[in-house]
Amino acid sequence: MLLLQLLLQGLQTGALYALTAAGFALIFGATRIFHFAHGSAFTLAGYTFLLASGAGLPWWAGAAGGIAVATLFGIGMERLVYRPIQRHEGSFFTVFVAAFGVAVVVQNLVGMLAGRGFASVDTPLSRASEVLPEVFLAPVFWIALGVAAMLFAALSAFLGRHPAGVALRALAQNPDLIRTYGLSSSRLSVLAFALGSALAAPAAILAAMTSGLNEAIGHHAMLISIAATIVGGVGSLRGAALAGLMLGVAESMALAVVDTQWAEGVSFLVLFAFILFRPSGFFGVVQTR
Amino acid sequence: MSEVLLRCENLARSFGGLQAVAGVSLSLPAGQVTALVGPNGAGKTTTFNLITGNLRADSGAAFIRGRPIMGLRPWQVARLGVARSFQDLRLFTHMTVRENVLAATETSAWFWQPGGAAARRRREERAAAALEATGLAPLAEARAVDLAYAERKFLSMARILAAEAEIWLLDEPASGLDLASRLRFGELLRAATARGVAICLIEHNLDVVVELSDRIAFLDQGKVLAEGAPQAILRDPALAAIYFGDRPQEAA
Amino acid sequence: MIAYAANLATIVAIFGILAATLNFLIGFAGIFSVAHAVFFGLGAYAGAQVALLLVPDALLACLVAAAVAGGLSLALALPALRVRGEYFVAASLGLQMMAATLFAEAKPVTGGIGGLVGIPRPTLLGVEVDVLPAALSALALILVLTARLQRGAFGRSLRAIRDAESAAEALGKNVAAAKTLAVAFACAGAGLAGALFALHLSFVNVESFTMDQSVLVMAMVIIGGTGTLWGPLIGAVILLSLPSGLAFLPFIPATEVGAVQQIIYGLAMTLLMIFRPAGLVGDLAKGRSTA
């Protein structure tokens with residue numbers, strides 16, 4: 001039953017990847033900014049939870065802290081980094097380098113302050129029990145899937161009905177609106193960053209409880225986010241989420257044949273396969289340039 | 001000289017549920033200017049994109065001198081002799097005027113261009129001639145981003161001239177030009193057609209259309225509704241109504 | 001003292017090559033790679049193997065290294081560049097993240113985690129030479145080639161592609177081919193630097209080809225400024241002098257020096273992009289980078 005175990009494990013990881021990727025896709029879709037520091041929101045949220053739990057605070061305090069830190073990080077990036085850049089130049093180059101610089105700083109700060117190597121939070125929720133012969137599931141599994149489902153439902157409702165959400169979707173589907181209105185209007189932009197970064201937080205917190213975190217996890221989250229956004233089709237939030245789920249499952253199933261250190265390689269291979277055979281992704285729109 | 005240089009048959013393309021181009025057929029003979037007119041959203045620019053390969057057609061075919069070109073990449077279509085301008089110009093903004101035009105003569109992607117020094121001189125001559133013809137020679141060292149509106153339009157034309165293409169697809173090349181510039185533009189077109197270039201023009205300004213085109217194709221909702229001499233087409237009241245927005249109910 | 005200066009000069013020359021080629025790629029051609037260290041590594045391993053298995057001829061090692069790194073870069077570039085620029089970024093990120101594992105697992109070629117040791121001293125036509133003159137010549141060669149490419153038709157094509165890719169394509173330029181060639185050139189240069197590095201240290205291992213190294217080279221390019229030929233070199237000098245400067249600060253524990261360096265690089269990159277995108281040397285000739 002190893003395959004079933006790996007599949008379930010993959011669904012759990014995939015749910016977390018779906019959330020993180022959707023966050024990136026939301027930001028990129030609405031603002032057209034290649035937020036290469038999205039992985040840092042993930043890292044900061046996860047480590048906030050880790051440190052809070054280590055300090056003896058109850059889980060909900062750590063979780064709230066993590067979400068707050070991620071959201072503030074996203075808003076901070078938008079106001080302090082991207083907006084000044086876009087005011088005077090805003091080329092892909094400047095945005096990319098600035099974001100990458102931040103990602104490097106965060107990774108190393110976290111490494112310095114919280115130590116290197118894997119760290120995780122052990123909770124009763126992470127303890128697995130045998131639910132089927134040779135299939136072990138921890139309560140975290142249900143929580144991960146449940147949280148992801150709830151958040152996606154809420155996100156859909158928001159993007160479909162709430163005026164701000166509808167505006168974000170309009171921007172994503174018609175990037176020319178961004179150009180016409182001089183990049184997304186300031187408040188929508190902040191909203192996109194806040195929301196997108198906040199989505200990464202629950203994923204990071206759950207990851208802290210399961211597979212654990214290390215300071216380089218930001219790069220991994222980044223690769224997953226970009227790969228899922230591309231595979232899912234640029235411009236499709238649903239596509240990014242589904243692709244994130246798929247990447248999680250693929251990564252887990254691959255463990256049946258390769259060692260854990262090649263997990264990264266799976267995402268890379270899937271990304272590469274899509275680049276080769278279906279560059280527009282699952283749901284992407286082929287764009288004329 | 002009326003060999004048909006470019007011909008497309010029943011080009012079709014839809015986006016989601018919207019049929020942007022629904023069976024467009026055009027012939028572009030050498031030495032003639034064909035104008036594509038029609039209301040906004042009629043599918044004119046999309047037709048250009050289908051011909052140049054920027055968009056993949058759902059169905060239909062296109063031929064340059066009888067040679068099928070469907071499925072070719074835009075740079076391959078360009079190398080077969082098609083030059084195309086864009087509504088939003090797409091100049092090489094950070095390069096100088098001279099560099100913009102010179103770049104149009106350098107099609108090889110390799111580290112160096114074929115032909116050595118002699119070919120290089122020839123390319124520089126072509127670039128210089130294009131600058132002369134468009135009146136941009138005095139501005140050769142100015143950066144494209146610093147040019148005035150009309151000068152930018154002419155730079156777009158200079159690139160096309162330098163490319164020495166025999167088929168021109170121009171997307172609203174004269175929009176926003178003052179009268180003097182329009183006259184100069186007209187001369188450029190006439191000089192080109194005298195050399196045998198086939199030109200297809202998307203244009204909203206009907207004065208320009210009447211002045212410069214030999215034939216008109218009227219597009220609406222992705223179909224060619226009428227084709228013929230400019231005066232005849234433009235006098236048709238039904239077409240005028242469509243053009244200006246009063247769409248007739250389902251035709252008899 | 002002389003030995004110290006010669007050593008520093010060699011390292012500066014090697015990193016100067018890395019920075020100059022990365023500048024060509026991201027600053028000039030607009031192709032964003034975070035995996036430059038990977039090609040540095042490929043060249044280093046290739047050059048090391050030539051020295052160990054055949055003859056430690058500096059020229060041969062460099063040529064093989066350049067060919068290997070440049071050739072392998074095609075595998076990355078050809079598919080990714082057919083599509084959009086963001087794909088190449090993603091692919092290079094994935095590649096760099098996997099590199100440590102790849103290099104560690106390919107034991108027969110790379111010596112695994114331990115790396116390759118005992119690389120013989122380089123020779124040229126049978127005569128033993130120092131790496132310094134070879135490195136300086138290579139740096140000069142790369143700078144000359146880069147300058148010629150940038151000023152000629154190939155450079156114009158790349159700039160045209162940067163400014164208006166669809167218009168460049170509409171004028172007959174094979175955009176994917178041009179970008180792929182740019183990548184091949186830059187990565188071949190990185191491989192060349194790698195061979196020199198291996199011959200200089202007489203030892204290579206995976207630690208030198210991680211993401212940290214890619215960050216360092218990128219910081220050199222950004223700090224030095226992307227618009228000029230000398231910028232990357234100046235960036236290399238500045239950043240290679242930094243560790244010695246840091247060593248004098250008492251409050252940084254030795255184990256954290258690496259992290260502090262990376263933080264400085266990251267901060268410098270971000271702050272420069274916000275306040276002075278032209279870098280320290282700046283874009284003297286064309287004012288390309290400011291509004």
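This is a predicted model: local features need pLDDT of at least 70, side-chain atom pairs count only at pLDDT 80 or more; totals for chains, interfaces and linings use all residues.

Trainee: What's the phi of B:Arg90?

Mentor: It's positive, about 55 degrees, although B:Arg90 is not a glycine. Most residues other than glycine have a negative phi.

Trainee: And what about B:Arg65, what is phi there?

Mentor: Phi of B:Arg65 is near 50 degrees, again a positive value in a residue other than glycine. B:Arg65 sits in the loop between strand E4 (59–64) and strand E5 (67–68) of chain B. With 15 C-beta neighbours inside 10 Å, B:Arg65 counts as partly exposed.

Trainee: Staying in chain B, where does B:Val97 lie?

Mentor: B:Val97 is in helix H3 of chain B. Its 29 C-beta neighbours inside 10 Å are why B:Val97 counts as buried.

Trainee: Which residues does B:Val97 touch, leaving out those up to four places away in sequence?

Mentor: B:Val97 touches B:Leu136, B:Leu139, B:Ala140, B:Ala142, B:Ala144 and B:Leu155. B:Val21 is another story: 76 residues along the chain from B:Val97, with 35 Å between their C-alpha atoms.

Trainee: Switching to chain A. How many helices and strands are there?

Mentor: Chain A has 11 helices and 2 strands. Along the sequence the pattern goes α-α-α-α-β-β-α-α-α-α-α-α-α. The radius of gyration of chain A is 18 Å, close to the 19 Å that the globule rule gives for 289 residues, so chain A is as compact as a globular protein of that length.

Trainee: What box do its C-alpha atoms fill, and how much of chain A is buried?

Mentor: The box for chain A is roughly 60 × 45 × 35 Å along the principal axes, and 53% of its 289 residues count as buried. Take contacts in chain A between residues at least 6 apart in sequence: 77% of them join residues at least 24 apart.

Trainee: Can you show me burial in one helix, say H6 of chain A?

Mentor: Helix H6 (residues 163–173) of chain A has A:Leu168, A:Leu171 and A:Ala172 as its buried residues. Seen down the axis of H6(A), these fall within an arc of 100 degrees, so they line one face of the helix. As background, an α-helix has 3.6 residues a turn, so residues three or four places apart point the same way.

Trainee: Nice. How many residues of chain A are in contact with chain C?

Mentor: 39 residues of chain A are in contact with 36 residues of chain C. On the chain A side, the elements giving two or more residues are helix H3 (59–88), helix H4 (92–114), helix H9 (217–232) and helix H11 (263–277). H4(A) gives the most, with 15 residues. By class, the chain A side divides into 27 nonpolar, 9 polar and 3 charged residues.

Trainee: Then what's in chain C itself?

Mentor: Chain C comes to 12 helices and 4 strands. Its radius of gyration is 19 Å, which agrees with the value near 19 Å that a compact globule of 291 residues would have. In chain C, 59% of the 291 residues count as buried.

Trainee: How do helices H1 and H10 of chain C cross?

Mentor: The axes of H1 (residues 2–28) and H10 (residues 211–224) of chain C come within 9 Å and cross at roughly 70 degrees. Angles of 65 to 115 degrees count as roughly perpendicular, so H1(C) is roughly perpendicular to H10(C).

Trainee: Which residues make that contact?

Mentor: On H1(C) they include C:Phe15, C:Leu18 and C:Leu22, and on H10(C) they include C:Val217, C:Met218 and C:Val221. The contact of H1(C) with H10(C) has 9 nonpolar, 3 polar and no charged residues.

Methods:
Residues are numbered from 1 along each chain as its sequence is written. Chains are lettered from A and ligands numbered from 1 in the order in which they are written. The radius of gyration is taken over C-alpha atoms; the globule rule is 2.2 Å times the number of residues to the power 0.38. A residue is buried if 20 or more other C-beta atoms lie within 10 Å of its own, exposed if 12 or fewer, and partly exposed in between; C-beta atoms are placed from the backbone. Two residues are in contact if their C-beta atoms, placed from the backbone, lie within 7 Å. Axes are lines fitted to C-alpha atoms, for helices over the stretch in contact, and angles run from 0 to 180 degrees between N-to-C directions. Angles under 35 degrees count as roughly parallel, over 145 as roughly antiparallel, 65 to 115 as roughly perpendicular and the rest as oblique. Ala, Val, Leu, Ile, Met, Phe, Trp, Tyr, Cys and Pro count as nonpolar, Asp, Glu, Lys and Arg as charged, and the others, Gly among them, as polar. The arc is that of the directions from the helix axis to the C-beta atoms.
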